[in-house]
Amino acid sequence: MKTQVAIIGAGPSGLLLGQLLHKQGIDNIIIERVTGDYVLGRIRAGILEQGFVDLVREAGVAERMDAEGHVHEGVVISVNGQDHRINLKELTGGDVVVCYGQVEITRDLMEARAAAGLETLYEASEVQPHDVKSDSPYVTFSHAGEEFRLECDYIAGCDGFHGVSRQTIPAEIRTEHERVYPFGWLGLLADTPPCHEELIYAKSERGFALASQRSATRSRYYIQVPLTDKVEDWSDEAFWDELKKRLPPEAAANMVTGPSLEKSIAPLRSFVCEPMQYGNLFLVGDAAHIVPPTGAKGLNLAASDVATLYKILTRVYKQGDKDCTSQYSEIALRRVWHGERFSWWMTNMLHNFGEEIGGNGLDGQTFTRFMESELDYFLNHENGRRVIAEQYVGLPYEDPK
């Protein structure tokens with residue numbers, strides 16, 4: 001088999017990259033470890049930055065997103081029951097975010113790929129990139145009982161944190177940065193209308209909570225829990241009861257409860273791998289970085305990686321400029337670190353860390369007071385709110401030089 005770009009991973013980043021490359025006439029094949037149904041079964045975030053929304057439109061798969069997505073012109077940060085609305089549109093000069101589930105984006109991209117007759121090989125095993133430092137890299141894998149060798153010009157590793165792509169970069173070349181947080185998020189998905197038209201980030205003495213949504217009839221809620229908690233420790237009734245105690249009173253009063261469709265606990269961590277490229281192998285999305293979900297950056301950082309790589313590969317094939325590929329890691333990491341810092345900062349400000357704060361030399365009480373001061377300034381001064389707004393809607397994508 002032969003293609004121009006081999007894409008490992010059929011999640012939203014791999015599918016979006018494949019669609020954008022196809023629009024430019026660049027041949028690509030996607031190899032995925034699991035089934036398409038399994039990919040669609042992953043419950044993930046649904047807040048899309050302005051840049052991501054524009055990229056989906058450029059890919060030609062925005063019809064359903066534009067029709068069904070819920071535009072959010074603001075976001076609410078509540079501190080001990082006192083609400084502060086961050087007016088995203090006003091503070092950024094017009095940028096907004098769109099609430100449209102990752103599952104829906106993935107489905108739209110899958111359908112567009114199938115309609116275009118593009119090749120995606122699901123349930124591929126023993127996937128392994130080879131000779132990525134050469135001008136003739138290739139990927140070997142097993143599929144439907146046969147062994148395959150896929151020759152290509154470039155390999156995009158969109159296969160997530162546990163995928164093979166990052167491990168292909170020699171350990172002595174990689175630098176991995178990690179911060180593990182001392183708590184997790186217990187999330188519940190329910191077919192109930194959202195308690196508020198915009199997202200609510202709530203900090204209280206009982207811990208953090210987030211009121212999010214997937215649609216006008218489906219809600220997603222989270223509460224901060226100790227890492228020692230298990231899902232089976234929390235009945236639906238106990239979850240709803242605790243959530244109401246953490247959210248502002250009006251939102252709690254408006255809440256419609258119901259049986260959970262899905263309930264899970266996600267540990268929080270920050271992770272970055274440097275560099276994000278090795279020869280003609282490029283890491284995209286979770287293969288290179290993980291962020292705590294507080295800043296709504298995980299899927300959006302993956303999209304910014306896709307935008308960077310798509311622009312670079314378009315220049316390669318349209319202008320013959322192969323040298324520009326060396327810019328990928330530098331450009332992608334610049335935005336990744338912005339997103340990581342924002343997510344780390346929001347996590348620090350809005351969560352309860354208790355008495356022990358590791359790694360920064362501060363005792364729990366001092367750290368808590370610093371974060372209270374951060375919230376006081378950034379929520380009660382226009383310049384502070386603008387800082388939050390500009391980073392929440394996302395920084396502009398950077399073009400290769």
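Is F148 buried, partly exposed or exposed, and what is its relative accessible area? In this predicted model, F148 is partly exposed, with a relative accessible area of 24%, a value that lies between the 20% under which a residue counts as buried and the 50% over which it counts as exposed. The residue across from F148 is F141, which is buried at a relative accessible area of 1%.

- Three strands make up an open sheet with antiparallel pairing, and their order is β9-β10-β11.
- The edges of this sheet are β9 (125-130) and β11 (146-151), each of which pairs on one side only, and from one strand to the next the twist averages 15 degrees.
- Strand β10 (residues 138-143) runs antiparallel to β11 and is joined to it by six bridges, with F141 standing opposite F148 of β11.
- The rings of F141 and F148 also form an aromatic pair, with 5.4 Å from centre to centre and 15 degrees between the planes; the pair is classed as stacked because planes under 30 degrees apart count as such.

- Strand β15 (residues 207-213) is largely enclosed by the rest of the structure, because seven of its seven residues are buried.
- On one side of the pairing, strand β14 (residues 200-204) runs antiparallel to β15 and is joined to it by five bridges, and S204 stands opposite G207 of β15.
- The strands β14 and β15 form a hairpin, with two residues between them.
- Strand β15 is also joined by five bridges to strand β16 (residues 219-225), again in an antiparallel arrangement, and the bridge partner of S212 in β16 is R220.

**Aromatic pairs and a cluster**

- The model has 17 aromatic pairs when ring centres within 6.5 Å are taken as the criterion.
- Besides the stacked pair of F141 and F148, there is a pair formed by Y201 and F208, whose ring centres are 6.3 Å apart and whose planes meet at 45 degrees, so that this pair is tilted.
- Both Y201 and F208 are buried, and they belong to one aromatic cluster that also contains W185, Y222 and Y392.

**Charged side chains over rings**

- The charged end of R149 sits over the ring of Y138, at 3.6 Å from the centre of that ring.
- In another arrangement of this kind, R341 lies over the face of W345, where the distance to the ring centre is 5.8 Å.

**Helices α1 and α3**

- Helix α1 (residues 12-23) and helix α3 (residues 50-58) have axes that come within 9 Å of each other and cross at roughly 50 degrees, which means that α1 is oblique to α3.
- The contact between these helices is made by L16, L20 and K23 on the α1 side and by F52, L55 and E58 on the α3 side.

Key
Residues are numbered from 1 along each chain as its sequence is written. This is a predicted model: local features need pLDDT of at least 70, side-chain atom pairs count only at pLDDT 80 or more; totals for chains, interfaces and linings use all residues. Side-chain values use heavy atoms; hydrogens and water are left out. Buried means under 20% relative accessible area, exposed over 50%, partly exposed in between (1.4 Å probe, protein chains only). Helices (H or I, at least four residues) and strands (E, at least two) are DSSP runs, numbered from the N terminus. Two strands pair if DSSP finds at least two bridges between them. Rings of Phe, Tyr and Trp (its six-membered ring) pair if their centres lie within 6.5 Å; planes under 30 degrees apart count as stacked, over 60 as edge-to-face and the rest as tilted. A charge sits over a ring if NZ of Lys or CZ of Arg is within 6 Å of the ring centre and within 35 degrees of the ring normal. Axes are lines fitted to C-alpha atoms, for helices over the stretch in contact, and angles run from 0 to 180 degrees between N-to-C directions. Angles under 35 degrees count as roughly parallel, over 145 as roughly antiparallel, 65 to 115 as roughly perpendicular and the rest as oblique. Contact means heavy atoms within 4.5 Å.
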